[in-house]
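Trainee: I would like to learn how to read a structure, one feature at a time. Where do we start?

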Amino acid sequence: MYNFSLNFASAYWKTVLVFSVSHFAVWALVGILAMPLMRRYPVRRHWRAWLFHLVVGALFTQFVITLGHLVFFEITGTGARLSFLSVMQVAFETCFHLGMLTYFCFLGVVQMHDAQKLSRQRELQVAEHKAALVHAQLQSLKIQLQPHFLFNTLHAIASLMHYDVDTADRMLNRLSELLRISLQEVGSPVVTLRQEIGFIEAYLDIEKIRFEERLRISWHIPDALLGFEIPPFILQPLVENAIKYGVAPRGDGGSIAIRAHADGHDMLLEVEDDAPATLEAQKGFGIGLRNTRERLDALYGGGKHFDLIRENTRTIARLRIPQAALGERAYA
């Protein structure tokens, strides 16, 4: 009696072992095929992602457990009289609930791994952005505070004090405001377009006094975009570049247009000057633009976020700012 019970238990566990190995081997092999779909449609709060995985998971589970039963029957030599539909029915009745649980466990593992990988990438992007932001802030302050800039500004203020006190006072106030904004925004990852325009206006007011009628500025900024968040000091290098290389070398000066408009979920920022393309580029041309491009790449990842277009009668520096500042767009 004891030997019979021992043989029965041994045969039972061998059958369970073969059954389990057959099914999990099929899950391991065939599950690889489901990984691209699991990554393409991540589970979020949106009901469509859950509905997708319920439907696809049910079909995939039925396929895998049916295949697992076929492998099991082939190894053990049982089930020879069962038709394919009968095998599907047996698989559904005995293993479907466990199969669905396995599918969602597999889905959770895959998406948890992807989430951790994405989190590490975002942390790296944030670190690169912070480094680029600090560099841009220091570069911006350097541009504003370099000796010749301060000398020219203070000399103009001293001269104006003798015959135009109001203008001298306005110029001094704008210089103070420019320095205050530069220091106030240190450490801010983003600012609104309204704040950036305030900084550029303070910068341009000083430049207008230097260039007088030679510098002409036009703005084309819709009110609806003023709350759009952008990296701080992102426009200043473009405006400074346009003045330095598009206006200053010309005796009659030139015009600069600053524009913004929506393009789908993104915003396009443009700084255009009317310098002819035949105007020779001076030494240092493009350094600020290269820094801007590197900064956008660090912040938003790969993609075309900066263009420099040189035509016969104008040069356009164009920025594309995504709607989501430091992450992916919401799942839809």
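Mentor: We start with salt bridges. A salt bridge is a side-chain nitrogen of Lys or Arg within 4 Å of a carboxyl oxygen of Asp or Glu. Keep in mind that this is a predicted model.

Trainee: How many salt bridges does the structure hold?

Mentor: The general idea comes first. Side chains of opposite charge can pair when their charged atoms come close. This structure holds eleven salt bridges. Take Asp205 and Arg170, whose side chains meet at 3.2 Å, N to O. That pair links distant parts of the chain: Asp205 sits in helix α6 and Arg170 in helix α5, 35 residues apart.

Trainee: Is Asp205 buried or exposed?

Mentor: Buried means under 20% relative accessible area. Asp205 has 12%, so Asp205 is buried. Arg170 has 43% and is partly exposed.

Trainee: Which residue forms a salt bridge with Glu272?

Mentor: Arg259 does, and the closest N and O atoms are 2.5 Å apart. This pair also links distant parts of the chain, with Glu272 in strand β5 and Arg259 in strand β4, 13 residues apart. Glu272 is buried, at 15% relative accessibility. Now look at Arg314 and Glu311. Their side chains meet in a salt bridge of 2.7 Å, N to O. Arg314 is partly exposed at 28%, and Glu311 is partly exposed at 33%.

Trainee: Next, aromatic pairs. How do I read one?

Mentor: A pair of aromatic rings is described by the distance of the centres and the angle of the planes. Here the count comes to two aromatic pairs. Phe92 and Phe96 form a tilted pair, 4.8 Å centre to centre with 40° between the planes. Both lie in helix α3, four residues apart, about one turn of the helix.

Trainee: Why does that spacing matter for reading a helix?

Mentor: An α-helix has 3.6 residues a turn, so residues three or four places apart point the same way. Phe92 itself is partly exposed, with a relative accessible area of 44%. The other pair is Phe199 and Phe233: the centres are 5.2 Å apart and the planes at 80°, so the pair is edge-to-face. Phe199 lies in helix α6 and Phe233 in the loop between β3 and α7, so the pair ties together parts 34 residues apart in sequence. Phe199 is buried at 0% relative accessibility. Phe233 is buried too, at 2%.

Trainee: What should the 19 residues of α6 span?

Mentor: At 1.5 Å a residue, they should span 27 Å. The end C-alpha atoms are 26 Å apart, which agrees. Of those 19 residues, 14 are buried, so α6 is largely enclosed by the rest of the structure. After α6 comes Glu212, with a positive phi near 55°.

Trainee: How many of the twelve residues of α7 are buried?

Mentor: Eleven, so α7 is mostly covered. Among the buried ones are Gln236, Leu238, Glu240 and Tyr245.

Trainee: Last, how many disulfides does the structure hold?

Mentor: A disulfide is a covalent bond between the sulfur atoms of two cysteines. This structure holds zero disulfides. Cys95 is buried at 9% relative accessibility, whereas Cys105 is partly exposed at 45%.

How values were computed. Residues are numbered from 1 along each chain as its sequence is written. This is a predicted model: local features need pLDDT of at least 70, side-chain atom pairs count only at pLDDT 80 or more; totals for chains, interfaces and linings use all residues. Side-chain values use heavy atoms; hydrogens and water are left out. Rings of Phe, Tyr and Trp (its six-membered ring) pair if their centres lie within 6.5 Å; planes under 30 degrees apart count as stacked, over 60 as edge-to-face and the rest as tilted. Helices (H or I, at least four residues) and strands (E, at least two) are DSSP runs, numbered from the N terminus. Buried means under 20% relative accessible area, exposed over 50%, partly exposed in between (1.4 Å probe, protein chains only). The expected span of a helix is 1.5 Å times one less than its number of residues. A disulfide is a pair of cysteine sulfur atoms within 2.5 Å.
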